[in-house]
Amino acid sequence: MILSAMAMCLATNIFFEARGEDLLGKLAIAEVTINRVTSDKYPDNVCDVVWQRKQFSWTHDGKHDDPSKFTSKTDKEAWRDSQVMAHMVLSGELPLAHTGVTMYHAEYVKPYWVKHYQYSGQIGKHLFYK
């Protein structure tokens with residue numbers, strides 16, 4: 001599948017943030033990314049949102065950022081699913097719920113910023129806020 005630069009950024013974010021989640025969990029990460037693009041508090045395109053300093057842990061963990069270099073069957077499937085989802089979200093084929101959610105964290109961490117946002121719910125291992 002050949003993706004635009006924006007779709008590749010979204011797919012990469014979905015992969016690294018939610019590759020162990022089901023499709024609903026992956027979609028929730030895509031929605032947060034798109035909600036940030038439409039918010040005036042974040043950059044106005046997908047790649048700038050994804051690569052905004054210290055917003056997504058995988059972008060500053062010191063590891064490689066190329067999902068195609070993962071070789072396990074599970075990771076290859078997750079990368080394929082992430083690419084398909086990114087394409088479908090950006091093309092409008094897969095509509096988003098537009099919940100206004102712009103923040104999330106894994107259930108095993110307790111970030112300082114949660115007290116500044118309204119809890120919206122949990123999907124998989126991520127807690128979401130608006």
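Trainee: Is K73 buried or exposed?

Mentor: K73 counts as exposed, at 63% relative accessibility. Buried means under 20% relative accessible area, exposed over 50%, and partly exposed in between, with a 1.4 Å probe and protein chains only. Please keep in mind that this is a predicted model, in which local features need pLDDT of at least 70 and side-chain atom pairs count only at pLDDT 80 or more, while totals for chains, interfaces and linings use all residues. Residues are numbered from 1 along each chain as its sequence is written, and side-chain values use heavy atoms, with hydrogens and water left out.

Trainee: And which residue does K73 form a salt bridge with?

Mentor: The partner is E77, with the closest N and O atoms 4.0 Å apart. A salt bridge here is a side-chain nitrogen of Lys or Arg within 4 Å of a carboxyl oxygen of Asp or Glu. K73 and E77 are four residues apart in helix α4, so about one helical turn separates them. E77 is partly exposed at 32% relative accessibility.

Trainee: What does "helix" rest on here?

Mentor: Helices (H or I, at least four residues) and strands (E, at least two) are DSSP runs, numbered from the N terminus.

Trainee: How many salt bridges does the structure hold?

Mentor: There are three. One of them joins R19 to D75, where the closest N and O atoms are 3.3 Å apart. R19 lies in the loop between α1 and α2 and D75 in helix α4, so this pair ties together parts that are 56 residues apart in sequence. R19 is partly exposed, with a relative accessible area of 29%, whereas D75 is buried at 15%.

Trainee: Which residue pairs with D81?

Mentor: D81 forms a salt bridge with R80, the closest N and O atoms lying 3.1 Å apart. Both are partly exposed: D81 has 25% relative accessibility and R80 has 47%. In general, side chains of opposite charge can pair when their charged atoms come close.

Trainee: Changing topic: how many of the 14 residues of α1 are buried?

Mentor: Eleven of the 14 are buried, so α1 is largely enclosed by the rest of the structure. Among the buried residues are L10, I14, F15 and F16. The cover over the buried residues includes α2 (23-38), α3 (46-50), α4 (73-91), β1 (103-106) and β3 (126-129).

Trainee: What span should α1 have?

Mentor: At 1.5 Å a residue, helix α1 (residues 5-18) should span 20 Å, and its end C-alpha atoms are 20 Å apart, which agrees. The expected span is 1.5 Å times one less than the number of residues in the helix.

Trainee: Which residues does I34 touch?

Mentor: I34, in helix α2, is buried, with a relative accessible area of 13%. Leaving aside residues up to four places away in sequence, I34 touches L10, V46, V89, L90 and L96; contact means heavy atoms within 4.5 Å.

Trainee: Where does N45 lie?

Mentor: N45 lies in the loop between α2 and α3. Its side chain makes a polar contact with the side chain of D48 at 2.8 Å. A polar contact is a pair of N or O atoms within 3.5 Å; within protein, one must be able to donate a hydrogen and the other to accept it, and residues adjacent in sequence count only if both atoms are side-chain atoms. N45 also touches M6 and V37, not counting residues up to four places away in sequence.

Trainee: What is phi of K54?

Mentor: Phi of K54 is near 55°, a positive value in a residue other than glycine. K54 lies in the loop between α3 and α4 and counts as exposed at 52% relative accessibility.
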